[in-house]
Amino acid sequence: MATKRLFTTIAIASAAALVLAGCGGSKSDSSTTASQAAPGGAAYAGPVGAGEGAVNILAWPGYAENGSTDPTVDWVTPFEKATGCKANIKNFGTSDEAVALMQSGGWDVVSASGDATLRLIYGDLVQPVNTDLVPSYADVFPGLKNKSFNSVDGQMYGIPHGRGANLLAYNVKEVTTVPDSWGATFDPASPFAGKITGYDSPIYIADAALYLMKTKPELGIKDPYALDQTQFDAAIALLTAQKPVIGEYWGDYLKNIDAMQKGTIVLGTTWQVNINYANANGEVVKGVLPKEGATGWSDTWMVAKDTKNINCSYKWLDWIAGPTANAQVAEWFGEAPANQKACALTTDPNFCTTFNAADGPFWDNVYFWNTPSANCVDGRTDVKCVPYAEWAKAWSSLRNS
Amino acid sequence: MMSNLDRISARRDVRRAASLLAAPLLWLLGIYIGALAILFLTSFYTVDSFTNQVIHEFTFQNFIDVFTDHAYLNATLRTLGVAVSVTLVCAFLAIPMAFYMARIASPARRPFLVALVLTPLWASYLVKVYSWRTMLTPESGVIAWLLHPFDVQSPGYGIVGVIITLSYLWLPYMVLPIYSGLERLPSSLLDASADLGASTLQTMRDVVLPNVKPAVIAGSVFTFSLSLGDYITVQIVGGKNQMLGNVVYQNFSLNLPFAAAVASIPVVIMVVYLAMIRRTGALENL
């Protein structure tokens with residue numbers, strides 16, 4: 001009897017809550033109909049004054065190291081000493097996680113990749129950045145400034161951090177002919193079936209689109225992040241055909257390192273930093289930039305719209321984009337630094353050459369992660385593009401089909 | 001006949017009880033039930049394709065998408081299959097373990113055995129799952145090595161790996177209720193069964209099992225619901241498989257209403273499951 005009464009109470013309570021939620025929900029209607037104008041309000045006018053004592057940092061793993069991973073890898077402690085801002089760091093594993101954490105609030109700065117930046121900007125979660133208040137910005141490579149993924153109408157929304165390409169990794173023992181095309185991973189009759197990997201995120205659809213862009217010109221793909229429905233369906237079809245030869249997809253970089261090291265994965269997309277880790281005990285994998293080029297990332301440090309620590313946030317932006325910290329982070333993570341002067345400070349004098357730090361033809365073939373939206377990011381106005389939410393749904397569907 | 005004084009103290013008791021219960025009740029109704037209700041309500045909304053923010057416009061589209069795309073049916077069946085398998089494996093392993101702990105081991109050693117069963121819970125979830133990933137490595141893992149003499153291949157990364165790993169993770173939640181159920185079983189029942197000439201197997205089947213059934217069902221609520229909601233293990237040892245939780249995780253920041261629609265599936269499954277077992281009286285064993 002007692003249980004039955006409890007169940008009835010719960011039923012009534014849920015009905016009441018439903019009604020309440022319904023009433024509460026309708027109120028916020030007007031605020032969500034989005035205008036296309038860049039939101040976020042005005043940038044900080046400055047001047048950057050005394051710090052607030054703390055800054056809450058959301059970072060890709062390896063972007064904000066305080067010595068806890070490796071005692072010699074530390075550019076956060078010197079920051080704290082220099083500015084008096086205590087850094088509270090949280091790492092995230094994927095761009096989607098970063099956006100979700102920013103939505104939940106409480107973070108001051110975030111290292112956002114291009115597939116997150118526009119979501120953050122138009123989701124009204126970040127503010128424009130006054131680059132005049134960030135002295136290090138002057139030394140940032142011009143090729144990283146005012147890009148479609150870090151600015152709106154010439155207004156920067158963050159400070160560039162660094163860039164890199166998603167490489168094609170191959171096991172040096174098992175894959176004897178060096179692959180020069182992403183086609184090796186899309187071959188349904190691949191001799192490496194079951195040992196091929198793909199990146200476990202909707203943004204991986206762009207990798208398929210890039211391959212189609214170079215091999216199927218009749219589709220007319222100009223930008224792998226601006227796909228109309230026909231182009232999008234073609235990319236999904238390619239990934240569906242690829243699925244049988246995939247051993248596992250990786251979203252967590254540790255999983256990718258483990259798989260490459262053990263040889264359960266011998267071919268597929270990866271990051272330079274994963275290759276470095278996997279080869280820590282002797283070379284097992286190598287990475288190449290295939291002839292089609294590659295997708296890649298160009299990360300941007302952004303400031304939360306509702307930050308309470310604006311001065312510490314700007315101090316962090318200037319610190320991480322400054323030559324010393326930028327050289328350390330670039331070398332630790334394995335990517336090209338954003339700051340030109342960082343190249344003189346890396347422990348490996350050839351580092352910037354290896355990672356193609358300078359602007360140049362290498363980057364012409366790298367398509368940085370961007371946030372697909374209904375308004376095509378390649379500027380086409382005669383068609384609607386498939387927005388990223390649909391990419392996510394299609395990816396879920398593909399992964400479970 | 002109640003005196004005035006009694007009446008006052010009774011009223012005071014009610015008031016005290018109300019003030020004591022207010023916070024937990026508010027928690028239950030507001031945070032727990034309320035959140036579920038909002039989740040369900042959200043699943044009828046849609047999102048702005050540009051900002052990905054929720055628009056409060058009523059639509060069935062999310063549920064239509066969930067039910068017409070066979071991928072989500074696959075995910076549901078796969079998740080359900082994993083949850084049922086994990087529950088069966090756990091029950092199969094836990095019954096003999098708990099029986100030994102509660103009836104055969106000397107009373108002095110019982111607390112020690114309970115502590116042993118609990119020790120895996122002290123380690124981090126991720127550490128345990130990654131350990132299983134290492135053990136399950138196809139060809140070179142320790143499981144492949146163990147199975148090699150029998151000419152059996154390691155299950156490798158896949159659904160079997162997920163079931164093994166989750167069974168390991170949730171086993172303590174099955175052992176404990178069965179252990180306490182068996183501990184409460186009067187010895188006289190077992191003695192009577194033996195005196196009447198029943199064999200050990202008969203006693204097991206006709207006396208012990210019916211008596212621990214509510215405890216097993218209570219344990220299954222844990223193993224079943226924990227497996228139903230898990231989405232990390234399958235990413236690490238599941239090969240290219242996904243479960244319902246992964247679909248929710250992948251979509252919630254971009255398309256919250258669609259994620260909410262998918263998230264309603266396990267909630268409905270759990271409600272049906274709880275309604276089914278409510279009759280057995282097992283809920284009192286939790």
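**Disulfides in the predicted model**

Cys376(A) and Cys385(A) are both buried. In this predicted model, these two cysteines are also bonded to each other, with 2.1 Å between the sulfur atoms of Cys376(A) and Cys385(A). Turning about that S-S bond gives a torsion of about 100 degrees, so the link between Cys376(A) and Cys385(A) is right-handed.

Number the bonded cysteines of chain A along the chain, and the pairing reads 1-2, 3-4, 5-6.

Next up is the bond between Cys85(A) and Cys312(A), whose sulfur atoms sit 2.0 Å apart. Here the S-S torsion is about -85 degrees, so the disulfide of Cys85(A) and Cys312(A) is left-handed. This one ties together distant parts of the chain, 227 residues apart. Cys85(A) lies in the loop between helix H3 (76-83) and strand S2 (86-91) of chain A, while Cys312(A) belongs to helix H10 (residues 310-321) of chain A. Cys85(A) has a relative accessibility of 0%, so it counts as buried. Cys312(A) is buried too, with a relative accessible area of 0%.

Then there is the disulfide of Cys343(A) and Cys352(A), with an S to S distance of 2.0 Å. It is left-handed, with -90 degrees about the S-S bond. What about the surroundings of its two ends? Cys343(A) comes out as partly exposed because its relative accessibility is 21%, and the cut-off for buried is under 20%. Cys352(A), at 11% relative accessibility, counts as buried.

Over in chain B, Cys90(B) is buried, its relative accessible area being 0%.

Key: Residues are numbered from 1 along each chain as its sequence is written. Chains are lettered from A and ligands numbered from 1 in the order in which they are written. This is a predicted model: local features need pLDDT of at least 70, side-chain atom pairs count only at pLDDT 80 or more; totals for chains, interfaces and linings use all residues. Side-chain values use heavy atoms; hydrogens and water are left out. A disulfide is a pair of cysteine sulfur atoms within 2.5 Å. Helices (H or I, at least four residues) and strands (E, at least two) are DSSP runs, numbered from the N terminus. Buried means under 20% relative accessible area, exposed over 50%, partly exposed in between (1.4 Å probe, protein chains only).
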